[in-house]
Amino acid sequence: MLQLQNLGKSYKTGDDALKGVNLEIPDGQIVGLIGPSGAGKSTLIRCVNRLVEPTTGKVILNDVDVTTLSAGGLRKERRKMGMIFQEYALVDRLTIMENVLSGRLGYVGFWKSFLRKYPQSDVDEAFRLLERVGLDHMVDKRADELSGGQKQRVGIARALIQDPEVLLIDEPTASLDPKTSRQIMRLIAELCKERNLSTIVNIHDVALAQMYVERIVGLQLGEIVFDGPPEGLTPDVLTQIYGEEDWEATIDEVSDDIDDDINEDGIDSAKNTDKVAKDITEAVSAP
Amino acid sequence: MSTASPSRTWKRPPLIKDTKLRYGLLLFVIVYFIAAFFSYEVNWARVYEGLDRGWEFIKAFSNPDFVTRWKDISAGIWESIVITVTSTVVGIILAIPIALGAASNLAPKPVYLFCRGIIAVARALHEIIVAILMVAIFGFGPLAGFITLAFSTIGFIAKLLAEDIENISKPQAEAVKSTGSGWWQWINYAIQPQVMPRLIGLSIYRVDINFRSSSILGLVGAGGVGATLNTAFDRYEFDTAAAIIIMIIAIVLVLEYVSSFIRAKVQ
């Protein structure tokens, strides 16, 4: 259970990026955070693991107040919060295996990590996760040799090897093509269910969010203006979040388009895991 | 499009908008150049005499003498190489922690200012001046040259490496930090891979610079092949001097080739 209580952030420039956000995310729930650029979505996510230091309010993860922790305590708590990034944020010149294992840095000592002598259990888990995301055949490739979708799979594996309780996901599909975006969102949704993770996903693509998340939070100018199920996103609500625009067309067109595309791919539903696995393997073998 | 002017003209806007200031500056530069040129006091008779010696020198290049003073030359070159290698290695080892401290995105303000201070001092003084100081402190010989070059290597590497650290990709650094890594782990996983090619490139470039500098330092008594070269000139042994210069050029060329090869490899 992740709780944000009256969370606020003012930058030195005087911008109030977040204005007292209250949010409660039960275990296993995926929340899609939508809103226009500059609404404070990235700030919100980064305030949870204090990559950005919040100015007011509390972040409570399973009864631990993250905002009052010392540097050492924060490091321990960050291990429980996996993070996935927009531009994947893999360390380009490290291998895939090193990138995945870097998710264990909070658990191993400096010399072990420096010499890349991770415990066998960590290495086993890394292989298992890479297999799960379909990349176990290329562990020694350098991260910058991968395609966007592959990079994001490594990013997901890195977050999961932390054995997190929470996933913080910042625009996971913003740099990906539509098909890969869906595969990635589907993978994230499955993994969250499997592992019962509370998850916040920042996402620009409203239609994509509607497909894979069970709850939508709309942020505008640092305040929550919508909190409800994906079906609740009516044109009126979208106007409230993003401003005046012809939303009817967007929503309709998108849902039709999605059905077509999925049928073309031969995938009936996101829950059909066999097909998904095949889907992933296909995507991986494609250059 | 207005019908009154069928073709509108366009000119690139001038760098200095004010016409008077623009032409005034131009005039000033021309006048100053002419005045400066005529303020040279050139002794043309002396130049004429010197032409002979210059020609001797050029002739010597067609007939360099490696043999007569080979012992001195080889000892000088060897000393230069020793100074180069030791000063580069020691300089880099000392420069790395200073670079970490001088990167504003890693170090707290006091550490940052302190490390930037070291860099500023190391870069403020020219190598020759430092060498003169070091010779005064440690006496003649290669030790003074070694310390001089190690000192200026620190300024060079630390400054450029710190700038590279400040330019790293922030998301990669954030990603490693968000795993709960410690500070040194963060340096090792997020920073080091990003700056390593630059560090290697700079280090090799610095070997090159240190070798060239080590052949000058001899002039102020700080060891190296410069002393041998100076002696050869003093004795009007242009053929020996030519041999030394040819060897320096050859070594610099080899270093140049090696460094471009390695820098292409580490990208």
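Visitor: In what order do the six strands of the open sheet in chain A stand?
Guide: In this predicted model, chain A holds an open sheet of six strands with mixed pairing. The order of its strands is 6-7-8-3-9-10.

Visitor: Within strand 8 of chain A, which residue is the bridge partner of Asp170(A)?
Guide: Strand 7 (residues 166-170) and strand 8 (residues 198-202) of chain A run parallel and are joined by five bridges. The partner of Asp170(A) in strand 8 is Asn202(A).

Visitor: At what angle does helix 1 of chain A run to strand 7 of chain A?
Guide: Helix 1 (residues 41-48) of chain A lies across several strands, including strand 3 (30-34), strand 8 and strand 9 (215-220). Strand 7 of chain A is also among them, and the helix runs to it at about 150 degrees.

Visitor: Which residue in the turn between strand 1 and strand 2 of chain A has a positive phi?
Guide: Strand 1 (residues 2-10) and strand 2 (residues 16-25) of chain A pair in the antiparallel sense over six bridges, and Ser10(A) stands opposite Asp16(A). The two strands form a hairpin with five residues between them. The residue with a positive phi, about 100 degrees, is Gly14(A).

Methods
Residues are numbered from 1 along each chain as its sequence is written. Chains are lettered from A and ligands numbered from 1 in the order in which they are written. This is a predicted model: local features need pLDDT of at least 70, side-chain atom pairs count only at pLDDT 80 or more; totals for chains, interfaces and linings use all residues. Side-chain values use heavy atoms; hydrogens and water are left out. Two strands pair if DSSP finds at least two bridges between them. Helices (H or I, at least four residues) and strands (E, at least two) are DSSP runs, numbered from the N terminus. Contact means heavy atoms within 4.5 Å. Axes are lines fitted to C-alpha atoms, for helices over the stretch in contact, and angles run from 0 to 180 degrees between N-to-C directions.
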